[in-house]
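I am opening a notebook on a structure that is new to me, and I want to keep a record of each thing I look up. The entries go from the chain as a whole to single residues.

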Amino acid sequence: MIVVTPHPRFETYANQKVSIGGQKICFSTNGIAVTPERPTLVLVHGAGGSKLDWPQSWRSVAEATAPFGLPSSTAVLPGQGGQALHAHPVIAIDLPGHGGSGGLSLPDITGHSRAVTGFLQALNLENVCLVGHSMGVGVVLSAALQSSERISSLCLIAGAARMPVTPELLKGLQNQTEDTVAAIARSCWHKSTPEHFVKTTQQRMMSAGGNVLLNDFTACSKLDLSAKLAALQVPTLILASQEDRLVKTAEINAMAQAIPKAQLQIFHECGHFLHVERASVAAAALAGFLANAA
């Protein structure tokens, strides 16, 4: 069991590391003590990403994060709107080969999910709500199907049990990485989102490196857990955007119908990063789900 004493100023801890199978997994916490009575949220990022892809106010309870974000007229508030989750411990991890974590990136979802279940075991976490975004959805689904005794619920954001990737995109990542990443970054966001956030996504993906990106999107292309979803027996919240240009709504609807205890909420006027573009509403939906699932 981990207990984190809040820092007097920032009340958050970034870039902690734990060794799993000989490799270091980097993570941050929001400073809220872990107890078995309340769910601990473990956030798992998507392809070419890191823990920084989650809203800062989800990862920190510090008042200093409150002013960060876009003008309210855009309805896009990165770093704001996570107050509904501040009653819960929140841990954001970097998958192997991503962000501050060691090891190599993996071209399959199963390897990443084993790292996640190993992380839960290493920190002796129980009553965990695994929260995945995009590729992270496949990772947390696989983790729950592998070993569910520490997992009490799931939240699946902008991802599905199948996420087909075109051969053209994979070839683009191999041969025209920068142009392909620019196109992916643009597709991640709603058309109303300011260019700054598109550029930030592009820069973060490029900093991950071509091999990591290719491995991640290859892993997504091979993912198909649809035949196994009926075995999931934990409450599952699915958050999706009608305007998502990366993951088809039909795939998400099929997943929602196949998971026995799933509930689906569709967002509008946002994109693949709906948890950032609608940080406040998404946080409130997750907090309400956790309260009802208890």
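The entries below follow the order in which I looked things up.

**Entry 1, the whole chain.** I note at the outset that this is a predicted model, and that I am reading computed values throughout. I looked up the secondary structure and found that the chain has 10 helices and eight strands. Of its 294 residues, 54% count as buried. I then turned to the contacts in the chain with a separation of 6 or more, and 75% of these are accounted for by residues 24 or more positions apart.

What is the volume of the largest pocket? I read a value of about 520 Å³, and I count Ser134, Phe217, Leu246, Val247 and His272 as the closest to its centre among the 27 residues that line the pocket. By class, the lining holds 13 nonpolar, eight polar and six charged residues. I also asked which helices take part: at least two lining residues come from each of helix 5 (177-188), helix 6 (195-208) and helix 7 (210-222), and helix 6 gives the most, with three residues.

I looked next at helix 2 (residues 109-122) and helix 3 (residues 135-146), whose axes come within 8 Å and cross at roughly 65°. The crossing of helix 2 with helix 3 is right-handed. On the side of helix 2, I listed Ile109, Thr110, His112, Ser113, Arg114, Val116 and Thr117 as making the contact, and on the side of helix 3, Met135, Gly138, Val139, Ser142, Ala143 and Gln146. Sorted by class, this contact has seven polar, five nonpolar and one charged residues.

I looked up alanine 158, which is not a glycine and yet has a positive phi of about 55°; it lies in the loop that runs between strand 6 (151-157) and helix 4 (167-175). Is alanine 158 buried or exposed? I record alanine 158 as buried, because its relative accessibility is 0% and the cut-off for buried is under 20%.

I then found glutamate 269, for which phi is also positive, at about 55°, although glutamate 269 is not a glycine. Glutamate 269 sits in the loop between strand 8 (262-267) and helix 9 (274-277). With a relative accessibility of 54%, glutamate 269 counts as exposed, since that class begins over 50%.

How values were computed. Residues are numbered from 1 along each chain as its sequence is written. This is a predicted model: local features need pLDDT of at least 70, side-chain atom pairs count only at pLDDT 80 or more; totals for chains, interfaces and linings use all residues. Side-chain values use heavy atoms; hydrogens and water are left out. On a 1 Å grid over the protein atoms alone, a cavity is a set of points where a 1.4 Å probe fits but cannot get out, and a pocket is an open set with protein on both sides within 12 Å along at least five of seven lines; lining residues have an atom within 4 Å of a point. Grid points are joined across faces, edges and corners, and a volume is the space filled by probe spheres set on the points. Helices (H or I, at least four residues) and strands (E, at least two) are DSSP runs, numbered from the N terminus. Ala, Val, Leu, Ile, Met, Phe, Trp, Tyr, Cys and Pro count as nonpolar, Asp, Glu, Lys and Arg as charged, and the others, Gly among them, as polar. Axes are lines fitted to C-alpha atoms, for helices over the stretch in contact, and angles run from 0 to 180 degrees between N-to-C directions. A crossing is left-handed if the near helix is turned anticlockwise from the far one by less than a right angle, and right-handed if clockwise. Contact means heavy atoms within 4.5 Å. Buried means under 20% relative accessible area, exposed over 50%, partly exposed in between (1.4 Å probe, protein chains only).
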